[in-house]
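Biologist: Could you take me through one spot in this model, a single residue and whatever surrounds it? I'd like the close-up to begin with, and the wider setting after that.

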Amino acid sequence: MAGTAPTLDSLERRLRKIMCADTTFVRRYQHPNHCGEAAWEEGSKSLWISLDPFWHGELATLLHELTHFALRMDRTWGELEEPMILGLEDALGHRIRASKSRAAWWRRALQAKLTKEGR
Ligand SMILES: [Zn+2]
């Protein structure tokens, strides 16, 4: 058997690790017609995420962008990537909303990143 199948739990742990890294930067930005962006350089650990809460909830967008980064660490997914991530964003969002402690963790982590960026 080739490894253990990923779970929502293992995915959330991975996203938390990325979120806590000093090389991850999150800021608010007014995008013209979309809710967020993630940018990173190939071969670099740095990840820049920008969120526009005008268009969509910040947590959902944050999870979405972090998941793009996490999945691409393993391989490229082509046309499967976006629909997979939309589904995962939803599932992760439900999981976090259902738990006060998870919700508090993400709220704190997001606030810490935004504060670090001076916003
Ligand atoms: Zn996307």
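Modeller: Let's start with Ala-70. Leaving out residues up to four places away in sequence, Ala-70 touches Leu-11, Arg-14, Leu-15 and Ile-18; touching here means that the C-beta atoms, placed from the backbone, lie within 7 Å. Before going on, a caveat: this is a predicted model, where local features need pLDDT of at least 70, side-chain atom pairs count only at pLDDT 80 or more, and totals for chains, interfaces and linings use all residues. Numbering starts from 1 along each chain as its sequence is written.

Ala-70 sits in helix H2. Helices (H or I, at least four residues) and strands (E, at least two) are DSSP runs, numbered from the N terminus.

Helix H1 (residues 8-20) and helix H2 (residues 58-74) meet at about 95°, their axes 10 Å apart. The axes are lines fitted to C-alpha atoms over the stretch in contact, and angles run from 0 to 180 degrees between N-to-C directions. H1 and H2 are therefore roughly perpendicular, the label for 65 to 115 degrees (under 35 is roughly parallel, over 145 roughly antiparallel, the rest oblique). H1 brings Leu-11, Arg-14, Leu-15, Ile-18 and Met-19 to the contact, and H2 brings Leu-63, Leu-66, Thr-67, Phe-69 and Ala-70. By class, that contact has eight nonpolar, one polar and one charged residues. The classes are nonpolar for Ala, Val, Leu, Ile, Met, Phe, Trp, Tyr, Cys and Pro, charged for Asp, Glu, Lys and Arg, and polar for the others, Gly among them.

What about the sheet? Ala-70 is 33 residues from Glu-37 in sequence and 14 Å from Glu-37 in space, C-alpha to C-alpha. The open sheet has three strands in the order S1-S3-S2, with mixed pairing; strands pair if DSSP finds at least two bridges between them. Strand S1 (24-28) and strand S2 (36-40) are the edges, each pairing on one side only. S1 runs parallel to strand S3 (residues 47-51), joined by five bridges, and Arg-28 stands opposite Leu-51 in S3.

Zooming out, the protein has four helices and three strands, running α-β-β-β-α-α-α from the N terminus.

Terms used. Contact = placed C-beta atoms within 7 Å.
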